[in-house]
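Work through the exercises below with the sequence and the model at hand. Each task is followed by a solution in steps.

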Amino acid sequence: MTDSLLLTLTQARIKKVLELMKQYNADAFLIFNQANYRYLTNFTGEEAQLILTNKGDRYLLSDSRFSGQIQAQASGELTAIMKQTGDVNEISRVLKKLAVKRLIVEGEFVSASEFSNLKEANPGCQFILVEELIEQIRNVKDELEVKALQKAISISIESFKQILPMIRPGAVEREIAAKLDYLFKLNGGDGPSFETIIASGVRSSWAHGVASDKVIKQGELVVCDFGSFYNGYTADITRTVAVGEVDAELEKIYQIVHEAQRRGIEATVVGNTGADVDKAARNYIVEQGYGEYFGHGIGHGIGLEIHELCMPALPFKKQKLVNNMAITVEPGIYLPEKGGVRIEDDILINEQTPVTMSFFQKDELIHL
């Protein structure tokens, strides 16, 4: 990545946000979400707010702990302000300096008390709460983002390959998860992007069965749901493996989930909605008699956050797919008394030819 490319892409992102701001006739936009201010500045610190004016000027409010980091990371010209008092006072000082009369605020990332205090401190300013405004732009990945996602995915898969020999009778779920998380960093990633799921036996039927102290036994399925960050972007992959031979019905549902996922991925084309993807996979599972055992949605977006296209303002099911959206397709069947199967891959929307970015064997249930 070159500084000039980052600057060009950052400027393009800001321009798109400014276009969305026009519909509100706003003077500025107050941004709290870390992923969003990172997207528009390249600053990765966890303590900041960004004020973006309708002219494209950026005011990044942080504190002295991050002064050097902002200087090293920030792309393009911006005004960095090291806060000396509370957030409301510092934000208000900038708003008054800029004579802001209409301010857009990220409604889902400001607390009720903070919003009330901001309004009280700025009586001459009209506040406009919005949801998922910048996320509308973030849903479509640019060149830099696609490369970062692919690298995160490659690191995740390589790390998973390295822990496969650990999955055997007598192994402890938590120990496998810890080794996988360690390998993410060892292989060049920034660590896990969510709590790694290693769920064996009956626990494999828990859709979010994060790793526990359970000991893995012969004849069990193990659901492994994992993903590493790389440069802020995350992978999200699931594979289900078997420890030795397993019950015939578990073999059967593996093949059903595999075929359902194939159909779901086939439907991830421009013009379809998330609901179309869900229907393509779910209908097959229903036809095979296991519809009641697939309770969650078919997928979500990925990017700077592990779950994108999930908020009520931008639900995956209602979104039309466009080029360079990055999504997951993850059908599953979960039998409470026996175990469960989930297969998940990361997909890049590419006209009528979906690109599976997380390529790793799945055609047959892996027996370890």
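**Exercise 1.** Which residue stands opposite I104 in β6?

Solution. I104 faces I128 of β6. The model is predicted, so local features require pLDDT of at least 70 and side-chain atom pairs pLDDT 80 or more, whereas totals for chains, interfaces and linings use all residues. Residues are numbered from 1 along each chain as its sequence is written, and side-chain values use heavy atoms, with hydrogens and water left out.

Next, take the two strands: β5 covers residues 102-106 and pairs with β6 in the parallel sense, over five bridges. Pairing here requires at least two DSSP bridges between the strands. Strands are DSSP runs of E with at least two residues, helices are runs of H or I with at least four, and both are numbered from the N terminus.

**Exercise 2.** State the strand order of the sheet, and identify the strands at its edges.

Solution. The order is β4-β3-β2-β1-β5-β6, an open sheet of six strands with mixed pairing. The edge strands are β4 (79-82) and β6 (126-130); each has a single partner strand, so one side of each lacks a neighbour in the sheet. From one strand to the next, the twist averages 20 degrees.

**Exercise 3.** Describe how α1 and α2 are placed relative to the sheet.

Solution. Start with α1 (residues 3-21), which lies across β1 (28-31), β2 (49-53), β3 (58-62) and β5. Its direction is at about 70 degrees to β2. Then take α2 (residues 34-41): this helix packs on the sheet and touches β1, β2, β3 and β5, making about 55 degrees with the direction of β2. Contact means heavy atoms within 4.5 Å. Axes are lines fitted to C-alpha atoms, for helices over the stretch in contact, and angles between N-to-C directions run from 0 to 180 degrees.

**Exercise 4.** Locate N42 and E132, and give the phi and the accessibility class of each.

Solution. Most residues other than glycine have a negative phi. N42, in the loop between α2 and β2, has a positive phi of about 80 degrees. E132, in the loop between β6 and α6 (133-138), has a positive phi near 55 degrees.

For the classes, buried means under 20% relative accessible area, exposed over 50%, and partly exposed in between (1.4 Å probe, protein chains only). N42 is partly exposed because its relative accessible area is 21%; E132 is buried because its value is 6%.
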